[in-house]
Amino acid sequence: MTNPALPLIASRLVISAITLLIVSVAVFFATTMLPGDTATILLGQAATPEAVAGLRKAMHLDEPAVLRFLYWAGGLLSGDLGTSYANDMPIADLIAGRFVSSMKLAGITALVSVPLALTLGITAAMLKGSLYDRAVTVLTIGIISVPEFMIATSAVLFFAVYLQWLPAISFANETVTWSDVLRVYAMPVLTLTFGVASQMIRMTRAAVVETLNTPYAEMALLKGASRGRVVLRHALPNAVGPIVNAIALSLSNLVGGVIIVETIFNYPGIAKLMVDAVATRDLPLIQSCAMVFCVGYLILITAADVIAILANPRLR
Amino acid sequence: MTNLVEIRDLKVEAKTDSGRIVEIIRGVSFDVQEGEIVALIGESGSGKTTIALTLLGHTRAGCRISGGSVALAGQDMARLPERKRASVRGTQVSYVPQSAAAAFNPAQTIMEQVIEVTRIHDLMSADAARARATDLFKALSLPNPETIGDRYPHQVSGGQLQRLSAAMALIGDPKIVIFDEPTTALDVTTQIEVLRAFKSVMRKSRIAGVYVSHDLAVVAQIADRIVVLKGGELQEIGSTEQILNSPQHPYTKQLLGAFKQAARAASTASQEGRPLLEVQDLVAGYGPMQTDGTPLIKALRSVSLKVERGRNLGIIGESGCGKSTLARTIAGILPAVSGAITFDGKPLAPAAHARTREELRELQIVFQYADTALNPAKSISDILGRPLSFYHGMAGEKRARRVDELLDMVRLPRALKHRRPAELSGGQKQRVNFARALAAEPKLILCDEVTSALDTVVAAAVIDLLKELQRELSLSYIFISHDLSVVEAICDEVAVMYAGEKIEQLPPSAMGSGASHPYSKLLFSSVPKLDPTWLDSLKQDPELLSAFSGR
């Protein structure tokens, strides 16, 4: 007997691949539409027209955009991300170290925010209508409404300037001891967690409340099951699909949040690299960073969908 | 015998969405003796399920027990603390839900859920529980009792799930089982098996029961005593014999009257001439087209029928037999793949959008759920005015007058026209739904289960109205229903459908004895009768039963 989930998962993966292709087209053409001619920028205003033309030819800038896209996409597929315009280094090398730093930040944030959000969301759903539930709701809505840069700057003002407990700038390479790790990551992780967790709490609560309203949850209660058992054994397994999707969507918000947080705390991650690349008009670097973000986003969403498919007993 | 349950002056309050507090159970008292089955009967909103749930110490969200006591073996379930209540549930009192399909957790195997009671209350080892569950499966005559527990709920049929939920209720050896309309969602042929299984298990183990239902004939088969409820108040209580044969309370009489009236055959004058509607070899279905030009899932396989002017055709069959698809195909909502529809001598296009306005006007459809068929944002006069403008180009004063006439026709007060559907009762909504079809001044109305969502008394009144309108307006109906007594009451001819095919057509007088197809025989013999001995004396060929209802 073939597993009915397999074709579904396969088609989901194919859709992801197609999405990635569309995204790469969008990223490439959006960045090439940025104003200014790359060769002129690189050579400065004093360059002779011959020099500019020579550079354009050398960089294939005189060829049609479609052809340049094919070169670029082909390079991506073979692992060649191209060379940075700004400092002539292979982009792969530039990104590698920064990528690890960003993943560390995102990973720690996920480790903190997911368990926190699940606990708060599930308990709020169990105690629906209670003072605790309302407090959690008010708090999460409050935090969602505050933009991340506001939280980040307030945190700097409070912890770094007034209390002087934490450094205002996070250099990840200074982390030697655990207390260093704590000092460096505390504020960025706090800021990101605020933004990410509140969304997750709300969606987890909604998903669990919905399954608790089903006849089978009532049936479990009438079998004499305790509230905890009803939630853990009957409601949660059926809420996995929406919850996993909520987690994936929220974590993908990290992508946007990371740009702000890395900039404010001067954290040497990939988002900071991208922001710097925009400042120096380093097109290949911008494109590569954008692709890294998109791939990360797609992996999260696809993983959530696959888990949701696997969690459905009808497809087992 | 001692009283197992003593309910005294029970009161339950509900909080409405607007925050108003309404008393939905107003001082109900009755007893249940050990080993006795008591039925709670009444229409929707009568509070029968609410009362039954208080026996488990449970109220639905927004409700609370505000007074009185519910004593179960000496313990007052209304006042027991949460933890104690949980320890009683499943071991002393257990619950069989209305829709087992919804009450089983889709993510767990059936066995896991059936033996969960023993796990929660630590009654026996998992192996012993499994063995006991298998015994119960056998006692409830479930197929493959050894392996059925390993399946997931979506892998077994509705009738089987309902019996499995009974096994779930019985595994903790309770003193009393609450049945909450356990056969309402089932087809009649399936209902019989389930009722039989319930009855034999309950009788053998001498367990008391509270059986909630709106169907007197079902209750007559299983209950020792009947409690009649209306509007949260007890109307009458008595033995099954007494309630059926010599009811005292006017409401009980009305309830029985509605039942007997429905069983009276209709007589409408027949007119000769060409048929009003003729359907030839109709094929329709759902899903993508295959290479041979037929849809993947065929809901109708070559159906032919005729409706004479001024006469009614009933279409019966169990859920999934294609009867609603037939109505949708005739109306053009689901275009037929092949076959011909001839209306009043002229061929009709398969799809509704290809038909002329006049053709659409003459053939109207009324849907089962008035709730979803009426736009909740529009007032009744807007709802009725729309077809008047569309088909007859009416406006202003003229249209308003016609809306009044339509409301008169369906026996609704004119003042209702300013209200919205949500402010009407179920029966009133169905009348508006019907008036909307009448507004077009059709020759033929397709009625798709129009009384299924209504209570017996209300449904009987709607049927009477349909008959009266037919006499006045010389209409014809195609009446689709799974309820044989309703079809019998209004139709001149009855077509039986099974698995997308019309297997037989016969006059309603022949429904008892004249059926020739084995499935029709099975179907007609499965309709419960008010006679309490009916179920026990009913003989059905077991092979036939498994051939047609083994799904």
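This is a predicted model: local features need pLDDT of at least 70, side-chain atom pairs count only at pLDDT 80 or more; totals for chains, interfaces and linings use all residues.
Residues are numbered from 1 along each chain as its sequence is written, and chains are lettered from A and ligands numbered from 1 in the order in which they are written.

**View 1. Chain A is a chain of 12 helices and zero strands.** Helices here are DSSP runs of H or I with at least four residues, strands are runs of E with at least two, and both are numbered from the N terminus. Read along the sequence, the pattern is α-α-α-α-α-α-α-α-α-α-α-α. The C-alpha trace of chain A spans about 85 × 65 × 35 Å along its principal axes. Of the 316 residues in chain A, 35% are buried (20 or more other C-beta atoms within 10 Å of the residue's own; exposed means 12 or fewer, partly exposed in between, with C-beta atoms placed from the backbone). Among contacts in chain A with a separation of 6 or more, 73% join residues 24 or more positions apart; a contact means that two C-beta atoms, placed from the backbone, lie within 7 Å.

**View 2. Helix 5 meets helix 11 in chain A.** The axes of helix 5 (residues 91–126) and helix 11 (residues 270–279) come within 7 Å and cross at roughly 135°. Axes are lines fitted to C-alpha atoms, for helices over the stretch in contact, and angles run from 0 to 180 degrees between N-to-C directions. Helix 5 and helix 11 of chain A are therefore oblique to each other (under 35 degrees counts as roughly parallel, over 145 as roughly antiparallel, 65 to 115 as roughly perpendicular, and the rest as oblique). Helix 5 brings A:Leu94, A:Ile95, A:Arg98, A:Phe99 and A:Ser102 to the contact, and helix 11 brings A:Ile270, A:Ala271 and A:Leu273. By class, that makes six nonpolar, one polar and one charged residues. Nonpolar covers Ala, Val, Leu, Ile, Met, Phe, Trp, Tyr, Cys and Pro, charged covers Asp, Glu, Lys and Arg, and polar covers the others, Gly among them.

**View 3. Chain A touches chain B.** Here 15 residues of chain A are in contact with 22 residues of chain B. Helix 9 (215–222) and helix 10 (227–264) of chain A each supply at least two residues of the chain A side. That side has seven nonpolar, five polar and three charged residues.

**View 4. Strand 6 of chain B pairs with strand 7.** Back to our opening pair: strand 6 and strand 7 (residues 176–180) run in the parallel sense over four bridges; strands pair if DSSP finds at least two bridges between them. The open sheet has six strands in the order 6-7-8-3-9-10, with mixed pairing. Strand 6 and strand 10 (233–239) are the edge strands, each pairing on one side only. The twist averages 15° from one strand to the next.

**View 5. A further open sheet of chain B has the strand order 16-17-18-13-19-20.** Its six strands show mixed pairing. Strand 16 (363–366) and strand 20 (501–506) each have a single partner strand, so one side of each is left without a neighbour in the sheet. Neighbouring strands are turned by 20° against each other on average, direction ignored. Strand 17 (residues 444–448) and strand 18 (residues 476–481) pair in the parallel sense over five bridges, and B:Cys447 has B:Phe479 as its bridge partner in strand 18. Helix 20 (residues 518–525) of chain B packs on the sheet, touching strand 19 (493–498) and strand 20, and its direction makes about 110° with that of strand 19.

**View 6. B:Gln368 sits in the loop between strand 16 and helix 14 (370–373) of chain B.** B:Gln368 counts as buried because it has 20 C-beta neighbours inside 10 Å. The C-alpha atoms of B:Gln368 and B:Val450, 82 residues apart along the chain, are separated by 4.6 Å. Leaving aside neighbours within four places in sequence, B:Gln368 is in contact with B:Asp448, B:Glu449, B:Val450, B:Ser452 and B:Ala453.
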